[in-house]
Amino acid sequence: MVRLLTALLCSTTICHTLACNFDALRYKRDINDNASYPNFIPGTDGPADATTLGYTLNHHALLVQNLTTTRQFYGDVLGFRHIFTFEMSPNWSLMFMGQAQGGKNGTGFQDFNAMMMERGNREGLVEFLSHTGTAPPTQAIPHSSFSHFGLIVPDIHAAQARMESKGVTILKKVGDAVNPDSPIPAALGFPNREAFEEGVPGLQVLGFYDFMIIADPDGNLLEVIEQY
């Protein structure tokens, strides 16, 4: 997509119009006019709400069939490092992986200890959830095994109050148990209520009940966790 956008922007016609210079770009269009396509619309957002300072998209999560093959692919092919696996029940496990950020520990390579220590203060981690014998739910087009995003906030109670004031859909408040009839169990990879109930002790050990779960306008879930 980046290459395609670059190619489009740097074509002779568009370069003449936009000068291929994002800093100097002042191209604006009203949504009601009859502009031709492709049509590049630059962002115009100002500073974010100051109360969101410290909010960080820490991880996203995928439902997978096999943690071993998943670890091999993301580790051997993409260079992700294994941070930890947590077997929450005989049939349900989760695994965190991330790409080492060279130089932070003075060696140019982060080992397990360095990545584990800062796992709550970084971006780009991936969580994989797997329930034995269960294929993740998918869509025909496009394929999807999305579970949830993970958002780190400095003060989860303040964040919850802010979400409430903005009318955000909160599926689980801080300290609440998970409603087994909510979308949360399926998003965590549980195929049915029995499997979810088996996994509840693991969720408690994980500290999940201190998390908040919210939904975006399309129903995608975000797991909100206080900075640790």
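A salt bridge is a side-chain nitrogen of Lys or Arg within 4 Å of a carboxyl oxygen of Asp or Glu. Side chains of opposite charge can pair when their charged atoms come close. The structure shown here is a predicted model, in which local features need pLDDT of at least 70 and side-chain atom pairs count only at pLDDT 80 or more, while totals for chains, interfaces and linings use all residues. Residues are numbered from 1 along each chain as its sequence is written, and side-chain values use heavy atoms, with hydrogens and water left out.

The whole structure contains 3 salt bridges. In one of them, Glu 164 pairs with Lys 173 at 2.9 Å, N to O. Glu 164 is partly exposed at 40% relative accessibility, and Lys 173 is likewise partly exposed, at 35%.

Another salt bridge joins Arg 162 to Asp 49, at 3.1 Å from N to O. Arg 162 belongs to helix H5 (residues 156–165), whereas Asp 49 sits in the loop between helix H2 (12–18) and strand S1 (56–63), so this pair ties together parts that are 113 residues apart in sequence. Helices (H or I, at least four residues) and strands (E, at least two) are DSSP runs, numbered from the N terminus. Arg 162 is buried, with a relative accessible area of 17%, but Asp 49 is partly exposed at 38%.

Asp 181 and Arg 193 also form a salt bridge, their closest N and O atoms being 2.6 Å apart. Asp 181 is exposed, at 61% relative accessibility, while Arg 193 is partly exposed at 41%.

The text now turns to the nonpolar residues. A nonpolar core is a set of buried Ala, Val, Leu, Ile, Met, Phe, Trp, Tyr and Cys residues joined through side-chain atoms within 4.5 Å. In soluble globular proteins, nonpolar side chains tend to be buried together. The largest core in this model has 27 residues, and those with the most contacts inside it include Trp 92, Leu 129 and Leu 203. Helix H7 supplies the largest share of this core, 4 residues. Beyond its neighbours within four places in sequence, Leu 203 is in contact (heavy atoms within 4.5 Å) with residues including Trp 92, Leu 188 and Phe 208. A second, separate core has 11 residues, among them Val 153 and Val 224.

Conventions
Buried < 20%, exposed > 50% of the residue type's maximum accessible area, 1.4 Å probe, protein only.
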